[in-house]
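Good morning, colleagues. I would ask you to look first at the sequence and the model, and then to follow me through them.

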Amino acid sequence: MTDDITGAAGAGTSSHGQWLDTLARAEDNRMKALAEDLLPLLGTVEVVQSRTGLVMLPLRDTVAGTDFHLGEVLVAEAHIRLPGTLVEGYGMVTGRDLERAMAMAVIDAAALAGRETDRIARFIEAEASHIRAADEERLRAVEATRVDMETF
């Protein structure tokens with residue numbers, strides 16, 4: 001498995017982990033629509049795992065510089081394999097939407113199999129742009145509520 005999917009498509013240098021991070025936060029309907037389009041290109045797909053479960057949420061205490069577990073988070077997880085190949089796809093999303101996790105796994109497998117890699121790279125880039133814009137808007141909203149205690 002390559003660590004640079006976009007490099008295979010000739011579209012950039014994002015790592016596989018960054019792609020999965022973006023897919024995990026991608027808009028549901030757009031991701032599911034792309035997966036539906038890609039699924040026929042993959043042929044037979046073996047579902048290795050499709051389940052919900054709890055995972056520990058790790059955080060870092062920035063003062064002490066130590067990691068700790070804040071608690072558990074409900075996730076949906078999907079793992080697929082293309083029979084007769086070494087290609088596997090993986091998806092994990094927060095919540096219990098197994099269809100969304102499966103869509104993520106299908107897109108991952110298609111990219112690793114070299115199917116529609118340019119289209120997938122464009123989708124990932126567009127979703128990353130939407131995510132950055134939403135994050136910036138959220139940070140602006142939070143900043144607007146910040147109180148400077150020195151002014152009192």
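What you see is a predicted model, in which local features need pLDDT of at least 70, side-chain atom pairs count only at pLDDT 80 or more, and totals for chains, interfaces and linings use all residues. Residues are numbered from 1 along each chain as its sequence is written, and side-chain values use heavy atoms, with hydrogens and water left out.

The chain has five helices and three strands; helices (H or I, at least four residues) and strands (E, at least two) are DSSP runs, numbered from the N terminus. Their order from the N terminus is α-α-α-β-β-β-α-α. The C-alpha trace spans about 65 × 30 × 30 Å along its principal axes. Of the 152 residues, 30% are buried, where buried means under 20% relative accessible area, exposed over 50%, and partly exposed in between (1.4 Å probe, protein chains only). Among contacts (heavy atoms within 4.5 Å) with a separation of 6 or more, 54% join residues 24 or more positions apart.

Let us turn to helix H3, residues 28-42. Its end C-alpha atoms are 21 Å apart, in agreement with the 21 Å that its 15 residues should span at 1.5 Å a residue; the expected span is 1.5 Å times one less than the number of residues. At the N-terminal end, Glu 27 caps H3, with a side-chain oxygen 3.1 Å from the backbone nitrogen of Asn 29. A polar contact here is a pair of N or O atoms within 3.5 Å; within protein, one must be able to donate a hydrogen and the other to accept it, and residues adjacent in sequence count only if both atoms are side-chain atoms. Met 31, Lys 32, Leu 34, Ala 35, Leu 38 and Leu 42 are buried in H3, and their cover includes H2, helix H4 (98-112) and helix H5 (117-143). Just after H3, Gly 43 takes a positive phi of about 75°.

How is H4 placed, enclosed or open? It is largely enclosed by the rest of the structure, because 12 of its 15 residues are buried. Among them are Arg 100 and Asp 108. Asp 97 caps the N-terminal end of H4, a side-chain oxygen lying 3.2 Å from the backbone nitrogen of Glu 99. Just after H4, Gly 114 has a positive phi of about 80°.

I come now to the largest pocket, which holds about 240 Å³ of space. Of its 15 lining residues, the closest to the centre are Ala 24, Val 75, Met 92, Val 93 and Thr 94. Helix H2 (16-25) and strands S1 (46-61), S2 (66-81) and S3 (88-94) each give two or more residues to the lining. A pocket is an open set of points on a 1 Å grid over the protein atoms alone, where a 1.4 Å probe fits, with protein on both sides within 12 Å along at least five of seven lines; lining residues have an atom within 4 Å of a point. Grid points are joined across faces, edges and corners, and the volume is the space filled by probe spheres set on them.

Finally, Val 75 lies in strand S2 and is buried, with a relative accessible area of 5%. Its contacts beyond four places in sequence include Met 92, Val 93, Thr 94 and Gly 95. Gly 95, in the loop between S3 and H4, is partly exposed at 25%.
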